[in-house]
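Dear colleague,

I am handing over the structure we discussed, and I would be glad if you could look through it alongside the notes below.

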Amino acid sequence: MSTSGRAGAPSIRAVDPPQSESLQRVKRGEMSLDEYLDEQVDQALAHVKGRVSAEILESIRVVLREKLEYDPVLVEMVQRATGQRPHSLSVEEH
Amino acid sequence: MRAGRKGERLCSAAVGASQDEGTEGTDELSRRLDEINELVVQHLDLVEVIARHVSRTIENAVEFEELIAAGREGLVDAARRFDPKRGTLFRTFAGFRIEGAIVDGVRKSFRLPRRLYARLTVFEATRALNECAAPAALRPSGSYPQAPIPEKELSEQLAAMATAAIVLRDRGIAPDSAEDESAQANPEDAYAQAELLGIVRDAIDGLGEHEATVIRLYYFEGKSFESAAESMRISKPWASRLHARGIEILTKRLRDVERG
């Protein structure tokens, strides 16, 4: 903990929230954001896996992954969690 | 609808709306039309971005221009309905309307293979949930309590979206007109899905009365949040919050079952 300010007063330093190993790897540049988001989607499906057909599971996986690139709520959450913005398809890419 | 140049009045629908509002003065109508027009022109790019993502998701099964046309209708509708006093950015508000219009347009006008139709259902289910989360998630930093663990916030939202997708799916994956490329589900899948449906229904029975009612009305009776809220005599934002909380609890129950 760092110290600053008046002598004798305890200083407060922002503590980083706990992070998964994968997120730490993203931040160290050892894992790409795309790989991290693929993993996030896989983990999000854990509680429904085996309870829906492979076709439905794939539908959910595809849509969740796509939305991570443009849905404003998810993009903001990704930005907050990783400090990076997902790559979205832009007009120029058509 | 055709894209216009900046400064043109693009929105025939908006003009139609203004003619219905005959009590307003001419100046007020003109000002309102200009506002709507400006919002539309400034956000045409958003239609293209969302159409591109939806197109990729449904494997380019529909002409891109058809998606754009539907998306522009959603944009015009958003511009007409937008109320800046609600504190949501227009771009956010419009994004949900545009995606909804594109997905609805595809659903109503095109026959898709069953597996692609299933993706449209997932779009629908997850949009409702994210739209509900938008006010809290997108407030400027400092004006709303931020999630203490941003990574957890993201993973919980994704898990809730997956739950919403399977609950909505129980309402029926596709109309009879959808191309059925895979025939019937195999017995193992059918058993697992019946079991899942039982878990979901039991879990809904265990929710609070209001959460359960919103979930039943929206997912099983096909009502919109507006009409669900109306029939419950509560506001739409409150119905949305109950929905989100209900889905969060369902996700937890499904995880508990998964863990045994």
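What follows is a short account of what was found in it.

This is a predicted model, in which local features need pLDDT of at least 70 and side-chain atom pairs count only at pLDDT 80 or more, while totals for chains, interfaces and linings use all residues. Residues are numbered from 1 along each chain as its sequence is written, and chains are lettered from A and ligands numbered from 1 in the order in which they are written.

The model scores ipTM 0.82 and pTM 0.81. Within chain B, confidence is highest in helix α4 (residues 64-81), at a mean of 97, and lowest in helix α1 (residues 12-20), at 47. Where pLDDT is low, the predicted coordinates should not be read in detail.

Chain B has 11 helices and zero strands, helices being DSSP runs of H or I of at least four residues and strands runs of E of at least two, numbered from the N terminus. Of the 260 residues in chain B, 42% are buried, meaning that 20 or more other C-beta atoms, placed from the backbone, lie within 10 Å of the residue's own. Among contacts in chain B between residues at least 6 apart in sequence, 74% join residues at least 24 apart.

In helix α10 (residues 225-232) of chain B, the buried residues are B:Phe225, B:Ala228 and B:Ala229. They lie on the same side of α10(B) because they cover an arc of only 95 degrees around the axis, the arc being that of the directions from the helix axis to the C-beta atoms. These buried residues of α10(B) pack against α6 (114-137), α9 (209-220) and α11 (236-259) of chain B. Just after α10(B), B:Arg233 takes a positive phi of about 60 degrees.

Turning to the interface, 42 residues from chain A and 47 residues from chain B take part in the contact. On the side of chain A that touches chain B, α2 (33-44), α3 (54-67) and α4 (72-82) of chain A each supply at least two residues, and α3(A) gives the most, with nine residues.

With best wishes

Methods: Contact = placed C-beta atoms within 7 Å. pLDDT = per-residue confidence, 0-100. Buried ≥ 20, exposed ≤ 12 C-beta atoms within 10 Å, placed from the backbone.
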